[in-house]
Amino acid sequence: MSKLFPQSLLVIGSGNMAGAMLRGWFARGLDPASVTIVDPSPRDLPEGVRHLTAIEASISAPEWLLLGIKPQMLPDVVSQVASLDLSETLLVSMLAGIEITALRSAVPHVRAIARIMPNMAIGIGQSVTALFAEALAQPEQEQLEALFAMLGSAEWLTDESQMHLVTALSGSGPAYLFRFIDALGKGAQALGMPADQASRFALAMVRGSAELAYQSPESPAQLAERVASPGGTTRAALNVFDADDALERLVAEAMAAAARRSVELGQ
């Protein structure tokens, strides 16, 4: 097993995000025998992983405890982990909105706490993951960053309050893009293109354009202007988006709603 991985990992909740994270790490060398998963109905566990449907007092003190549950489930989990010795454990939380002070209050006996915010592209190794930690030593910061960089890219935040913004941008963001792809297909269908073909064109266009934007030294705004010739078809479409800043206002309102909800979950 790579020295980057914790020697023992206890995972509480292995739903879509945590499950994809684990599969990515298993593929890159995480030893299944070092992992204990607590989940009533886990999926796709490799041979060697210890599976429990509930937390047991017999669980050995883990080096890392990964919380992959929904924020609303935290009180139930807290009462169950109270019996575990977590004095040498790093708690890694992916609970949206739940800040370190609240986590420390809920699980006061952990050694240290780190927060992460990946997105669902972690399933294909393309997530951008935000990281924030409480008084974590440099080697452990580097370990945490390296492990999540395996699954895409990882960036540290300097202010924990930015986690709410990351949740609204990259955490929830894939859904925004999926909706836009769907709207593109429906728009072409309304103009007469067969539905299946419209979907294929929309998906292929977005895939290619996203890769172009990623590789280009120019900003997305500059790239859009390159496509839009004066008086041309693209400019006619952009004029609709730009009228009264319609697109920017809609996206800003949607992201603000997501950020507010993140704050509410923490309360």
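**Reading the labels on a predicted model**

Me: Which residues does Asp39 touch, not counting residues up to four places away in sequence?

Reply: Asp39 touches Gly13, Ser14, Gly15, His51, Leu52 and Thr53 once residues up to four places away in sequence are set aside. The model is predicted, and Asp39 is found in its loop between strand S2 (35–38) and strand S3 (50–52).

Me: Why is Asp39 called buried?

Reply: Its relative accessibility is 9%, and buried means under 20%, so Asp39 falls in the buried class.

Me: What makes the contact of Glu56 and Arg50 a salt bridge?

Reply: Their side chains meet at 3.8 Å, N to O, and the rule asks for a side-chain nitrogen of Lys or Arg within 4 Å of a carboxyl oxygen of Asp or Glu, so the pair of Glu56 and Arg50 meets it.

Me: How do you know whether Glu160 and Arg115 are buried or exposed?

Reply: Glu160 has 13% relative accessibility and Arg115 has a relative accessible area of 2%. Buried means under 20%, so Glu160 is buried and Arg115 is buried as well.

Me: Which classes do Glu218 and Arg226 fall into?

Reply: The side chains of Glu218 and Arg226 meet in a salt bridge at 2.7 Å, N to O. Glu218, with a relative accessible area of 28%, is partly exposed, whereas Arg226, with 59%, passes the mark of over 50% and is therefore exposed.

Me: What makes the nonpolar surface patch, and which residues form it?

Reply: The patch of about 610 Å² is made by Met120, Leu177, Phe178, Phe180, Phe241, Leu247 and Val251. Helix H6 (173–190) and helix H10 (246–266) are the elements that give two or more residues to it, and the largest share, 3 residues, comes from H6.

Me: Which residues of H5 are buried, and what covers them?

Reply: In H5, the buried residues are Met163, His164, Val166, Thr167, Ala168 and Ser170. The elements that cover them include S6, strand S7 (127–134), H6 and H10.

Me: What is noted about the phi angles of Ala135 and Asp244?

Reply: Phi of Ala135 is near 45°, a positive value in a residue other than glycine, and phi of Asp244 is near 55°, likewise positive in a residue other than glycine. Ala135 lies in the loop between S7 and helix H4 (138–149), while Asp244 lies in the loop between helix H9 (233–242) and H10.

Me: Why are Ala135 and Asp244 called exposed?

Reply: Exposed means over 50% relative accessible area; Ala135 has 78% and Asp244 has 65%, so both are placed in that class.

Me: How many cavities of 30 Å³ or more does the structure hold, and what lines the largest cavity?

Reply: The structure holds 1 cavity of 30 Å³ or more, and the largest cavity has a volume of about 50 Å³. Its lining residues include Ser14, Gly19, Ile37 and Pro46, and H1 gives the most to that lining, with 4 residues. A cavity is a set of points where a 1.4 Å probe fits but cannot get out.

Me: Which residues lie nearest the centre of the second largest pocket?

Reply: Met17, Gly68, Ile69, Lys70 and Met94 lie nearest its centre, among 38 lining residues. About 1,000 Å³ of space lies in this pocket, and helix H1 (16–27), helix H2 (74–81), H5, H6 and H10 each supply at least two residues of its lining.

Notes:
Residues are numbered from 1 along each chain as its sequence is written. This is a predicted model: local features need pLDDT of at least 70, side-chain atom pairs count only at pLDDT 80 or more; totals for chains, interfaces and linings use all residues. Side-chain values use heavy atoms; hydrogens and water are left out. Patches are made of residues with over 30% relative accessible area and no salt bridge: like charges are joined within 9 Å, nonpolar side chains (Val, Leu, Ile, Met, Phe, Trp, Tyr) within 5 Å. Accessible areas come from the Shrake-Rupley method with a 1.4 Å probe; for residues, only the protein chains shown count as cover. Buried means under 20% relative accessible area, exposed over 50%, partly exposed in between (1.4 Å probe, protein chains only). Contact means heavy atoms within 4.5 Å. On a 1 Å grid over the protein atoms alone, a cavity is a set of points where a 1.4 Å probe fits but cannot get out, and a pocket is an open set with protein on both sides within 12 Å along at least five of seven lines; lining residues have an atom within 4 Å of a point. Grid points are joined across faces, edges and corners, and a volume is the space filled by probe spheres set on the points.
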